[in-house]
Amino acid sequence: MQPRQKIALRFDHVAFSYGQFPVLEEVTFHIHVGEFIALVGPNGSGKTTLLRLILGLEQPQKGTVSLFDQHPRESRNLIGYIPQHAIYDPTFPISVSEVVQMGRMHAFSRKKTVSDNLAVHKAMEQVEIIDLANRPYAALSGGQRRRVLVARALATEPGLLILDEPTANMDVESESRLFKTLGNLKGTTTVLIVTHDMGFVSSLTDRVLCIGDHCPTGEGRTVIQHLMGPAGNAPPDLYGGEALEVLHDTEIPGDSCTMEQTLVHLEKLQNPARRSSNE
């Protein structure tokens, strides 16, 4: 029997509405520590709302969200978050290293410790921006700025790294470097990539969750899990050079988190007689 994996993030029958407008309904899934997960869905499907629930910025009307066995507000310091759009003043004189150091800011102290300096240096090495350390942040390209924000998030030494549309405004070289970095993190840091690309995900992906289908029992959207397969027609420069195709014609429960569980579920779908006898 395989050892039970620790849960990093769990949604349990979560529902959320803005006033009378239902957004999410019956959302149930979990992510294990060290997993590389892709959350896909079209624009307007509820991805941002789900992220706000993870970050503790919104509270579900039904169900629970837990992050490392705590309420998200109590464990948000364990999250490294890279937003899709980072607003900044291009006239503000701040260097790349100073941006990364923001990831080590402490609520009650402005003093930098030895461990802070080491974490900042390590994060910059991980995303290969040591050579940019003294450059003005505003002078960088869009892809370089995104890598700096990844370094800032890594400087927090997060348990969960969330990247919202990570390849937006990225050139091919920066995208390749980013996924090289994420590949080195896989297995130790839990990674959640959020994207509107419904067709393909990185070959680093362990599981793909899809938000956008209406819950059968209501009007809100829910989250389901799809299988992935080889992507013979994916552009070669996607996701650092390798991609998997999301198989939207397969639907498996969110709690099917191992290949064994997935195969059992698929066998039941393909053999209704066996499914009925088991039930």
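How are H5 and H6 oriented to each other? They are roughly parallel (angles under 35 degrees; over 145 counts as roughly antiparallel, 65 to 115 as roughly perpendicular and the rest as oblique), as view A shows. The model is predicted: local features need pLDDT of at least 70, side-chain atom pairs count only at pLDDT 80 or more, and totals for chains, interfaces and linings use all residues. Residues are numbered from 1 along each chain as its sequence is written, and side-chain values use heavy atoms, with hydrogens and water left out.

**View A. Packing of helix H5 (residues 142-155) with helix H6 (residues 172-185).** The two axes come within 9 Å and cross at roughly 20°; axes are lines fitted to C-alpha atoms, for helices over the stretch in contact, with angles from 0 to 180 degrees between N-to-C directions. Helices (H or I, at least four residues) and strands (E, at least two) are DSSP runs, numbered from the N terminus. The crossing of H5 and H6 is left-handed, that is, the near helix is turned anticlockwise from the far one by less than a right angle (clockwise for right-handed). H5 contributes Gly-143, Gln-144, Arg-147, Val-150 and Leu-154 to the contact, and H6 contributes Ser-174, Arg-177, Leu-178, Thr-181 and Leu-185 (contact: heavy atoms within 4.5 Å). By class this contact has 4 nonpolar, 4 polar and 2 charged residues. Ala, Val, Leu, Ile, Met, Phe, Trp, Tyr, Cys and Pro count as nonpolar, Asp, Glu, Lys and Arg as charged, and the others, Gly among them, as polar.

**View B. Packing of helix H4 (residues 114-126) with H5.** The axes lie 8 Å apart at an angle of about 140°, and H4 and H5 are therefore oblique to each other. Their crossing is right-handed. Ala-119, Val-120, Ala-123, Met-124 and Gln-126 of H4 meet Ala-151, Leu-154 and Ala-155 of H5. The contact of H4 with H5 has 7 nonpolar, 1 polar and no charged residues.

**View C. The largest cavity, with a volume of about 40 Å³.** The structure holds 1 cavity of 30 Å³ or more. On a 1 Å grid over the protein atoms alone, a cavity is a set of points where a 1.4 Å probe fits but cannot get out, and lining residues have an atom within 4 Å of a point. Grid points are joined across faces, edges and corners, and a volume is the space filled by probe spheres set on the points. The lining consists of Phe-36, Ala-38, Phe-179, Ile-193, Thr-195, Phe-200, Val-201, Ser-202, Thr-205 and Tyr-239. Strands E3 (36-40), E7 (190-195) and E8 (200-202) each give two or more residues, and E8 supplies the largest share, 3 residues. By class the lining has 7 nonpolar, 3 polar and no charged residues.

Conventions
On a 1 Å grid over the protein atoms alone, a cavity is a set of points where a 1.4 Å probe fits but cannot get out, and a pocket is an open set with protein on both sides within 12 Å along at least five of seven lines; lining residues have an atom within 4 Å of a point.
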